[in-house]
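Dear colleague,

Please find below the structure that I am handing over to you, followed by an account of what was found in it.

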Amino acid sequence: EIGIDQIIVDEAQEFRKLTFATNQVNLKGVDPDGSQRAWDLFVKARYLDRKRPGRALIQASGTPITNTLGEMYTLLRYQAEDALRERGIHEFDAWASAFGDTLTELELQPSGTYKPVTRFAAFVNVADLMMIFRSVADVVRKSDLRGHLKLPDIRGGQRQLITSGASPAFKDYQKHLAGRITAIEARTGRVQKGDDILLAVITDGRHAAIDMRLVWSASGDEPANKLNKLIGNVHRTWRETADQTYLRPDGTPYPNPGAGQMIFSDLGTINVEATRGFSAYRWIRQQLIVLGVPAGEIAFMQDYKKSADKQRLFADFRAGRVRVLIGSSETMGTGVNVQQRLKALHHLDVPWL
């Protein structure tokens, strides 16, 4: 009624969880449970496709497959469902048997032990799959952009992995996690509200790997843990780059010297302080201030909700008034235009994707 005849979706990976039926519910790498967001887009696109076949939906993404190989099936359902139906592979199990293969590998568990896990982890018949995909996809690779964009050089040629040894407290906690996993696996019947689940065990293990105070507030400060090593790296970089000068687009120098840094962590945010009694974000800020970083040069991305506030923050970062920006993948992963003065990216936790 309002005349919409096409939907254009950027960051299309946000709509990757489209429900489908499958008999392979216990196979890792297959997630049939979808989101309301994806289903909403799918039915609207199908409706509009009746009016303008083949032109109802345009999706753009830098990461079209982010988590499971089944997301390729979802992309083809959005864009080439008729092609799937013509070939008799419009049901997931038929598509998976034609283009997917399973692998069994030893995988590290939250308890610190390894066990064999079979997952949907490899494509087969790739030429046929790409023929269908390329009929609806315009693919631009990094090499195609070389003449238009210059990527910054990474010191040492690749990302640096900073590891910390497991403390005695962490090893004891892993035994506790192993006990919880055993109890979960031995449980019979349906999961009730309030029951312990494996995802909760994994989440506690990820928090403990950063700082034991995130799972046990009575734990003491461990100087050699991941959180404190990150703080040491951030302070060292802040000190070493304090005299670097940067130019405005018109060629005149900014009055404030010093490089900028960004810290990513989806765990230990300010919001978890109420439930866990400790925040990695707040500890980072407090310790950097103790080490001499002015409080005004440190900002939490979560504090800037409105677009106008975010733009002012980015301008402050580019101008050198803010030199340490702390945030999560959701709040700081896209649309943060502060690369001009950026010297280091720190990832405190390992993102799921």
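Leaving aside its neighbours within four places in sequence, which residues is aspartate 211 in contact with? They are Asn225, Leu227 and Phe278, where contact means heavy atoms within 4.5 Å. Aspartate 211 is found in the loop between α7 (198-210) and α8. Its relative accessibility is 1%, so aspartate 211 counts as buried; buried means under 20% relative accessible area, exposed over 50%, and partly exposed in between, with a 1.4 Å probe and protein chains only.

Please note that this is a predicted model, in which local features need pLDDT of at least 70 and side-chain atom pairs count only at pLDDT 80 or more, while totals for chains, interfaces and linings use all residues. Residues are numbered from 1 along each chain as its sequence is written, and side-chain values use heavy atoms, with hydrogens and water left out.

The protein as a whole

The protein has 12 helices and 8 strands; these are DSSP runs numbered from the N terminus, with helices (H or I) of at least four residues and strands (E) of at least two. The C-alpha trace spans about 65 × 60 × 45 Å along its principal axes. Of the 353 residues in the protein, 37% are buried. Among contacts between residues at least 6 apart in sequence, 62% join residues at least 24 apart.

Helix α2 and its partner α5

Helix α2 (residues 70-79) is mostly covered, as 9 of its 10 residues are buried. Among them are Glu71 and Arg77. The buried residues of α2 pack against several elements, including α1 (36-51), β4 (114-123) and α5 (126-134).

Two packed helices are described by the angle between their axes and the distance between the axes. The axes of α2 and α5 come within 10 Å and cross at roughly 40 degrees. Axes are lines fitted to C-alpha atoms, for helices over the stretch in contact, and angles run from 0 to 180 degrees between N-to-C directions. The two helices α2 and α5 are therefore oblique to each other; angles under 35 degrees count as roughly parallel, over 145 as roughly antiparallel, 65 to 115 as roughly perpendicular, and the rest as oblique. In this pair, Met72, Leu75 and Leu76 of α2 meet Leu129, Met130, Ile132 and Phe133 of α5. By class, the contact of α2 with α5 has 7 nonpolar, no polar and no charged residues. Here Ala, Val, Leu, Ile, Met, Phe, Trp, Tyr, Cys and Pro count as nonpolar, Asp, Glu, Lys and Arg as charged, and the others, Gly among them, as polar.

Helices α8 and α10

Helix α8 (residues 226-240) packs with helix α10 (residues 280-290) at an angle of about 45 degrees, and their axes are 10 Å apart. That makes α8 oblique to α10. Residues of α8 including Leu227 and Ile231 meet residues of α10 including Trp283 and Ile284. The contact of α8 with α10 divides into 8 nonpolar, 3 polar and no charged residues.

A backbone detail

Asparagine 125 is not a glycine, although its phi is positive, at about 50 degrees. Asparagine 125 is found in the loop between β4 and α5.

Yours sincerely
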